[in-house]
Amino acid sequence: MKRLKMIVVNTPEEAGARAADVFEAVIAAKPECVLGLATGTTPLPLYRELIAREKAGTIRFAEVRTVNLDEYKGLQPNHPQSYRRFMQEHLFDHVSIKTENTCVPCGLPENPDAMCAAYEDTIERWGGIDLQLLSIGHDGHVGFNEPEDTFPMYTHEVQLTEMTREANKRFFDSIDEVPTAAFTMGIGTIMKARKIVMIITGADKADITYAAFCGPVTPKVPASILQFHPDVTVICDKAAAAKL
Ligand code: GLP
């Protein structure tokens, strides 16, 4: 079993470039690989780098398949703050990936339980996630798996904590517009990925980085479960690694 690998770099851009190296290697080894993708500010330098590398000819997305971690409940796919729209704008529209090969949970399902079960089925039918990208919330959430008493296994609906809604309100006109619920892959879904890369940047993430990787494994800090995964690379900038 490999040990958790921690890489500390100087800037968020460097973190993105190091993560892009892992993506490049996985795609080169398996052009039709399944990538688990994330939203938020943290992955942006990585997505810019992936777009640049496809333009430069070192990566090819034509056969790649993707599954996103999560989506807000109640937002249409074309809503400016939906995660589907985020992925189109920051990655999919700029690379050769086929739309039918990209999955983001539906924010407005007629039957939420059926949608969540179908999401898990798609991942399984595609042969599982080869490489899962993660970042971390200030309370240790991954995807939208918030601190709880147990680790949720499968894709499910969650109520967002006030801390998460506060952190994400910067993208909306006011806190009232931030959805109160979301759909997210479960911790079990994430832990089944063959390989995981977590990017953490910024001084505001230093405390939770310490708690997740130097503290006990507990569902109160969902990211701490990664200590038990056999192939995790954590790429931090100096600011996020300050307390390690
Ligand atoms: C959201 C997403 C998470 C992400 C987190 C951190 O809540 N659902 O997947 O990790 O934000 O975002 P940021 O990278 O902007 O700090």
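**Close-up views of a predicted chain**

Figure 1. Leu50 has 0% relative accessibility, so Leu50 counts as buried (under 20% relative accessible area; over 50% is exposed, in between is partly exposed; 1.4 Å probe, protein chains only). The residue belongs to helix α2 (helices are DSSP runs of H or I, at least four residues; strands are runs of E, at least two; both are numbered from the N terminus). Leu50 touches Ala20, Phe23, Ile59, Phe61 and Leu91, leaving out residues up to four places away in sequence (contact means heavy atoms within 4.5 Å). Phe23 is 27 residues from Leu50 in sequence, and their C-alpha atoms are 8.2 Å apart. The model is predicted: local features need pLDDT of at least 70, side-chain atom pairs count only at pLDDT 80 or more, and totals for chains, interfaces and linings use all residues. Residues are numbered from 1 along each chain as its sequence is written, and side-chain values use heavy atoms, with hydrogens and water left out.

**Figure 2. The whole chain has seven helices and 10 strands.** The radius of gyration is 17 Å, close to the 18 Å that the globule rule gives for 244 residues, so the chain is as compact as a globular protein of that length (C-alpha atoms; the rule is 2.2 Å times the number of residues to the power 0.38). The C-alpha atoms fill a box of roughly 45 × 40 × 35 Å along the principal axes. Of the 244 residues, 56% count as buried. Take contacts between residues at least 6 apart in sequence: 79% of them join residues at least 24 apart.

**Figure 3. Tyr72, Tyr83, Phe144 and Phe172 form one aromatic cluster.** The structure holds four aromatic pairs (rings of Phe, Tyr and Trp, the last by its six-membered ring, with centres within 6.5 Å; planes under 30 degrees apart are stacked, over 60 edge-to-face, the rest tilted). Tyr72 and Tyr83 make a tilted pair, 4.8 Å centre to centre with 45° between the planes. This pair links distant parts of the chain: Tyr72 is in strand β4 (residues 70–72) and Tyr83 in helix α3 (residues 83–90), 11 residues apart. Both Tyr72 and Tyr83 are buried. Tyr72 also pairs with Phe172: the centres are 5.7 Å apart and the planes at 80°, so this pair is edge-to-face. Here, too, distant parts of the chain are linked, with Phe172 in the loop between α5 (162–168) and β8 (181–184), 100 residues from Tyr72. Tyr72 has 1% relative accessibility. Phe172 is buried at a relative accessible area of 9%.

**Figure 4. Helix α3 has buried residues under cover from several elements.** Tyr83, Arg84, Phe86, Met87 and Gln88 of α3 are buried. Their cover includes the strands β2 (34–37), β3 (65–68), β4 and β5 (102–103). Helices α2 (44–56) and α5 are also included.

**Figure 5. Ser135 lies in the loop between β6 (131–134) and β7 (156–159).** At 15% relative accessibility, Ser135 counts as buried. Setting aside neighbours within four places in sequence, Ser135 is in contact with Thr39, Thr42, His141, Val142, Met198 and Ile199.
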